[in-house]
Amino acid sequence: MAESKVAQVLDILREHGVDDPAILRDLLEAVLVVGQGLDLDEALQRIVEVAVGVVDARYGALGVRGPDGGLSEFVYTGITPDERSAMGSLPVGKGVLGVLINDPHILRIPDLAKHPASVGFPANHPPMTTFLGAPIIIRGSNFGRIYLTEKRGADQFSPLDEALIAVLAVAAGIAVDNAQLFESSRTRQRWMQVLVRRGSEPLSGIALEDTLSRMCTDVADLVGASDVLILSDESDSGDDIVLSGHTGGPIEFDPAEFSAPTGTGMSIVPIADLSPALGRRGARWATVQPLARASGAFGWIVITHVDEPVWEAEEASGLAGVSEVASLAMVYAEQQQVARDLEVLSDRHRIARDLHDHVIQRLFAIGMSIQTMLAAGGSGASVRFDDAARAERLEQVMTDLDRTIAQIRTSIFDLQTVPGHHDTATLRRRVLDIVSELSVHAPIAPSVQFDGPVDTVVPDALGPHIDAVLREGLSNALRHAHAEHISVSVSADDVLSVEITDDGVGISTDVTYRGLENLTRRAEECDGTFTVVTNPRVAPGRSSGTTLTWSVPLT
């Protein structure tokens, strides 16, 4: 494409016989100046100023052709600020300018007032007679036109001026093309930064509402919108639309008034067609980008504007990417909530199993014991309890009831907290999590009891020691004891005591456990004691089991 542009320039110069070294030098300097920089707005202004100097015109302008065929942008030079303030609005593509904006040829007009398409000038407009216009062609499309008026020192623009402006228009086309490409790449980069920055937030644990609101702010900054809102339909039927994220202050939004446009692509509609409540800050138009998942559209990104927007390809592509990231973030949050709900249900199932295996069975045993005492006290009973035996039995019943109450309290605490969340800082939560972790695949579920203010009087420095005691003692009991029952007891008053008891085979005298030696050293570091009481199973029916007790003073 560059070679064809050079050939076109040479043909134009050859056609008009331009061979003056001074003219060629000035033209080359003008071409080099036009090609400087990559900012599009600066490039347009620079083209106008250079063109005025090349042909020695008093006034110059550059009109950018809009999507509707009119002028979407008008850059000028030569008019003073006072003249500009008195003129009113800038041209929009009517009269001669409107005819020439679509004409791909260079045009010289000796007298603008005599042109058939002339409609005159607005009030307070500087007088303009001579005219020279050249199109700016980019990749075969008419980007706009350079307008030059009032040739200095001559009655009209010459064929040489026409040749020079034709060359300059070719250079301007290259400069504008480069600036547009740079602007497009910069736009893509800004949208990509939003996608990368907000796309990673759900994985970082940032709340969905914060991510969506920040995403709305980013989009508003990129496109200069009045408002950006993210609406989601939690029922997938349009009956339960909620505001999931937005820019600005609180908005009084009635979901019943919202009418989403049909279709799966981006649409631009008047705000009145959506909801009157969205027309804040003078906004009259809205861009709606659907949010989609596997089952179809479930929400929308709504971007409000004062004027009807024109979306460039890079901006539309960036908005589509933002909608995908927002959709993924919302679906991911839903899946995370489902996973948390399943975790809670699983944990409650474990607690219910513990209640059944320990509390209910213990209550049943207590009831049987009381029933036996009542039967023994009857007049026809063959076996009678004396007062001492009855008192001993009642004392045992009270002890069992205290243990049962402690187990119920532990289960209630476990139901009120969520494993792995903010309650992990408490000793109760840590103990319950460790027991649950170690016994998740075990055939039996250890019972856990707490006594005393364990969450308030136990210093944090003892946390690692308690973890080690629980992991070592409980894992040994689960793997080697072959027990039917395992219990964990943590008590705190003046002394912290961690006790692990099982009714298994006991520890043989010829077995050495280095882990238990480590627990002894840990107790000694804290001025405490660690004891192991074991009764190996030597014969069927003989009581057996092991009790590990790790105690340290708290005062």
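This is a short walk through the structure above, from the whole chain down to a few side chains. Keep in mind that the model is predicted.

Start with the overall picture. The chain has 13 helices and 15 strands, and 41% of its 555 residues are buried. Take the contacts between residues at least 6 apart in sequence: 60% of them join residues at least 24 apart. The accessible surface comes to about 29,500 Å², and carbon and sulfur atoms account for 53% of that.

Now find helix 6, residues 159–199, which will be our guide. One partner is helix 3 (residues 40–55), whose axis comes within 10 Å of the helix 6 axis and crosses at roughly 170°. Angles over 145 degrees count as roughly antiparallel, and helix 3 and helix 6 are therefore roughly antiparallel to each other. On the helix 3 side, the residues that meet helix 6 include Leu40, Leu44, Ile47 and Val54; on the helix 6 side, Asp161, Leu164, Leu168 and Val176 are among those in the contact.

Next, move along to helix 7 (residues 208–223), which packs against helix 6 at about 175° with the axes 11 Å apart. That makes these two helices roughly antiparallel as well.

Glu201 forms a salt bridge with Arg198, with the closest N and O atoms 2.5 Å apart, and another with Arg214, at 3.3 Å. Glu201 lies in the loop between helix 6 and helix 7, and Arg214 lies in helix 7, so their bridge ties together parts 13 residues apart in sequence. Salt bridges with shared partners join Arg197, Arg198, Glu201, Arg214 and Asp218 into one network. The chain's salt bridges number 14.

Finally, look at the surface. Val338, Leu342 and Leu345 form a nonpolar patch there, with about 290 Å² of accessible area together. Leu342 belongs to helix 8 (residues 313–376) and is exposed, at 52% relative accessible area.

Technical notes. Residues are numbered from 1 along each chain as its sequence is written. This is a predicted model: local features need pLDDT of at least 70, side-chain atom pairs count only at pLDDT 80 or more; totals for chains, interfaces and linings use all residues. Side-chain values use heavy atoms; hydrogens and water are left out. Helices (H or I, at least four residues) and strands (E, at least two) are DSSP runs, numbered from the N terminus. Buried means under 20% relative accessible area, exposed over 50%, partly exposed in between (1.4 Å probe, protein chains only). Contact means heavy atoms within 4.5 Å. Accessible areas come from the Shrake-Rupley method with a 1.4 Å probe; for residues, only the protein chains shown count as cover. Patches are made of residues with over 30% relative accessible area and no salt bridge: like charges are joined within 9 Å, nonpolar side chains (Val, Leu, Ile, Met, Phe, Trp, Tyr) within 5 Å. A salt bridge is a side-chain nitrogen of Lys or Arg within 4 Å of a carboxyl oxygen of Asp or Glu. Axes are lines fitted to C-alpha atoms, for helices over the stretch in contact, and angles run from 0 to 180 degrees between N-to-C directions. Angles under 35 degrees count as roughly parallel, over 145 as roughly antiparallel, 65 to 115 as roughly perpendicular and the rest as oblique.
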